[in-house]
Amino acid sequence: MKPTAAIYLDNAATTRLDPEVLDAMLPLMTEQFGNPSSIHSHGRAVRTAVEKARKTVAMLLNTSPAEIFFTSGGTEADNTAIRSSIETYGLTHAITSPVEHHAVLHTLEHLAKQGIIQLSMVSLDQKGHVDLAHLEELLQQNQQAGAGPTRSLVSLMHGNNEIGNMLDLNRVGELCRSYDAIFHSDTVQTMGHFQHNLQQLPVDFIVGAGHKFHGPKGVGFLYVNADRVKINPFVYGGAQERNMRGGTENVYGIVGLAKALEIAYRDMDEHRQHITSLKSRMIERLRAQMPDVQFNGDSAHVDTSLYTVLNVSLPASDISDMLLFSLDIARISASGGSACSSGSSIGSHVLAALPGLDANRGYVRFSFGKYNTADEIDYAVDTLVGLYTKEAKLV
């Protein structure tokens, strides 16, 4: 039987706003409407809210408020880290991987096309993991080139939004430091789901986007390691964000982001246990009912992967091309690839980068959140089994 409400299993694309977050935002949408750059009482009250939010984010990440800069989201934060560090330091070499989010990949490819940088792609293994030996080889080659700056920018994501692979930030960060490379990591998918202790983590930039952890859309932040890097602004204008990001602040978004991150850290163990149980349930039921089911990347390794993501490879079938449409008809929202291609199984650059991909199989990414239930998982599995069983029909 169809559920009374549509089932949302696309939390890697965006998450439902937490009611506690909305409650925190509402006063900034109504009574506290001043411009935080204004020096009068209305402006000062709002400025206080922004700085309180900054302190909250910094405290949770164990860093200084002076190292947190609010942005319009993860894409702007990634662009700021990449473009501003390349411009500020005159970098001519960058290293990334073919499975990065397009906010990183397209930015670096554009800079390479303009001739500003030479772009190197680090190799991946059969499961899509970064080859750290090849990463070191690329860093060595740039240092030994001799002509021009020898410092590289390395941009590698912490948790892959499609296949759930995790990067060892400590290992990569220490490797980058041994070659004096600048290390940026897109942490959009892991922010609010894993702890990030920035006093101990050897990174120069990390990013967050509020809507990935039950906060509002259109707001994010960039962490800049002040001991290691100092960059010029990416967005010019006024003196907002301590002269680092022009434009009137998205005040209620910033307050909502901080509240959402506070809740995420407060309830992280509970939510991880709940979400992990749902993911394990789906894996076990799919394996029991669909012997030919497979899982891409590390996503089926619950304890070592991005626990919110499961990338399923289904048997080759005539319905593979219509899989997401069929799920939508059954009132199940899922994705065929990354969030930016949510609702489509076409053109996943991440899956295309995995060796031996069978284009005839059906691919779907389920991503879980704290509001999902075991009954929803069971319905999703039963629906998939029904789609791949001729005698079964959706009811």
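Trainee: Which residue does Gln-294 stand opposite in β10?

Mentor: Gln-294 stands opposite Ser-313. This is a predicted model, where local features need pLDDT of at least 70, side-chain atom pairs count only at pLDDT 80 or more, and totals for chains, interfaces and linings use all residues. Residues are numbered from 1 along each chain as its sequence is written, and side-chain values use heavy atoms, with hydrogens and water left out.

Trainee: How many bridges join β9 to β10?

Mentor: There are 2 bridges between β9 (residues 294-295) and β10, and the two strands run antiparallel. Strands pair if DSSP finds at least two bridges between them. A strand is a DSSP run of E with at least two residues, a helix is a run of H or I with at least four, and both are numbered from the N terminus.

Trainee: And what is the bridge partner of Ser-313 in β12?

Mentor: That is Tyr-363. β12 (residues 362-367) pairs with β10 over 6 bridges, in the antiparallel sense.

Trainee: Is β10 mostly covered or uncovered?

Mentor: Mostly covered: 6 of the 6 residues in β10 (309-314) are buried, meaning under 20% relative accessible area with a 1.4 Å probe and protein chains only, where over 50% is exposed and anything in between is partly exposed.

Trainee: Which residues sit on each side of β10?

Mentor: Val-309, Asn-311 and Ser-313 are on one side, with Leu-310, Val-312 and Leu-314 on the other, and all are buried. In a regular strand the side chains alternate between the two faces of the sheet.

Trainee: New topic. How many cavities of 30 Å³ or more are there?

Mentor: A search of the whole structure finds 3. A cavity is a set of points, on a 1 Å grid over the protein atoms alone, where a 1.4 Å probe fits but cannot get out; lining residues have an atom within 4 Å of a point. Points are joined across faces, edges and corners, and volume is the space filled by probe spheres set on them.

Trainee: What is the volume of the largest cavity, and which residues are closest to its centre?

Mentor: The largest cavity holds about 120 Å³ of space. Of its 16 lining residues, Gly-192, His-193, His-214, Ala-264 and His-271 are the closest to the centre.

Trainee: Which helix gives the most to that lining?

Mentor: α9 does, with 4 residues. Both α8 (251-266) and α9 (268-289) supply at least two.

Trainee: Which residues line the second largest cavity?

Mentor: Among them are Phe-69, Thr-71, Glu-76 and Arg-245. That cavity has about 60 Å³ of space.

Terms used: 1 Å grid on protein atoms, 1.4 Å probe; cavity = no way out; pocket = protein on both sides within 12 Å on 5 of 7 lines; lining within 4 Å.
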